[in-house]
Amino acid sequence: MTETTFLVPAGRQEVVITRVFDAPRDLVFRAFTDPKLVPEWWGPRDLSVVVDVMDVRPGGRWRFVNEDAAGNTYGFHGVYHDIAPPDRLVYTFEYEGVPGHCLLETVTFEDVDGGTRVTDRSVYQTVADRDGMVASGMESGARQSMDRLAELLPRL
């Protein structure tokens, strides 16, 4: 299994997450855009996820809600800006617990050696916003999501 790389470049407003999956690009893209599949891999293992809204088209909205064992909920939402199957997704991302800190996320899907390289580049409004997101546990959640996606893909 390929490991997830999590890059936080010093002084820049971005985080870059990369992972190669042993699955065709169209299948990996589908896992990112099918509201029935997202709950099976998105977010940390100890949280459930409900897809509240997922209208995958330019201008379409999305909203996912994580819930922990105690019933606490954590909402995330955004708007899709560009959908180019199976090459690219571009959308905004905002954690509802800290409103006003919106980022732009671009996910690309590339064919590599029979698999798919996913590169997820998040660009924040400021370095401080980026650093706050990283400090909140983003890396652990992202790594768990990518591991869960790698486990899901062979079953599709």
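Predicted model: local features only at pLDDT ≥ 70, side-chain atom pairs only at ≥ 80, totals over all residues.

Visitor: What kind of aromatic pair do Phe 29 and Phe 109 form?

Guide: Rings of Phe, Tyr and Trp (its six-membered ring) pair if their centres lie within 6.5 Å; planes under 30 degrees apart count as stacked, over 60 as edge-to-face and the rest as tilted. The structure holds 12 aromatic pairs. In this one the ring centres of Phe 29 and Phe 109 are 5.1 Å apart and the planes stand at 70°, so the pair is edge-to-face.

Visitor: How many residues apart in sequence are the parts that this pair ties together?

Guide: Helices (H or I, at least four residues) and strands (E, at least two) are DSSP runs, numbered from the N terminus. Phe 29 is buried too, with a relative accessible area of 7%. Because Phe 29 lies in helix α1 and Phe 109 in strand β7, the parts tied together are 80 residues apart in sequence.

Visitor: And which kind of aromatic pair do Trp 62 and Phe 93 form?

Guide: Trp 62 lies in strand β4 and Phe 93 in strand β6, 31 residues apart. Trp 62 counts as buried at 2% relative accessibility, and Phe 93 is buried with a relative accessible area of 12%. Their rings are 5.7 Å apart centre to centre with 40° between the planes, and the pair is tilted.

Visitor: Which residues touch the most other members of the largest nonpolar core?

Guide: A nonpolar core is a set of buried Ala, Val, Leu, Ile, Met, Phe, Trp, Tyr and Cys residues joined through side-chain atoms within 4.5 Å. In soluble globular proteins, nonpolar side chains tend to be buried together. Here the largest core has 37 residues, and the members touching the most others are Phe 32 and Trp 41.

Visitor: Which element gives the most to this core?

Guide: Elements that each supply at least two residues include α1 (25–33), β3 (48–54), β7 (103–112) and α3 (138–152). With six residues, the one that gives the most is α3.

Visitor: With the side chain of which residue does Glu 14 make a polar contact of 2.9 Å?

Guide: A polar contact is a pair of N or O atoms within 3.5 Å; within protein, one must be able to donate a hydrogen and the other to accept it, and residues adjacent in sequence count only if both atoms are side-chain atoms. The Glu 14 side chain makes a polar contact at 3.1 Å with the side chain of Arg 121. The contact at 2.9 Å is with the side chain of Arg 12.

Visitor: How far apart in space are Arg 12 and Tyr 124?

Guide: Arg 12 sits in the loop between β1 (5–7) and β2, and at 47% relative accessibility Arg 12 counts as partly exposed. Arg 12 and Tyr 124 are 112 residues apart in sequence, and their C-alpha to C-alpha distance is 8.9 Å.

Visitor: What is the phi of Asp 113?

Guide: Asp 113 is placed in the loop between β7 and β8. Asp 113 is exposed, with a relative accessible area of 86%. Although Asp 113 is not a glycine, its phi is positive, at about 45°.

Visitor: What is the omega of the peptide bond from Pro 85 to Pro 86?

Guide: Pro 86 lies in the loop between β5 and β6. The bond from Pro 85 to Pro 86 is cis, with omega near -10°.

Terms used:
Residues numbered from 1 in each chain as written. Heavy atoms only, no water. Buried < 20%, exposed > 50% of the residue type's maximum accessible area, 1.4 Å probe, protein only.
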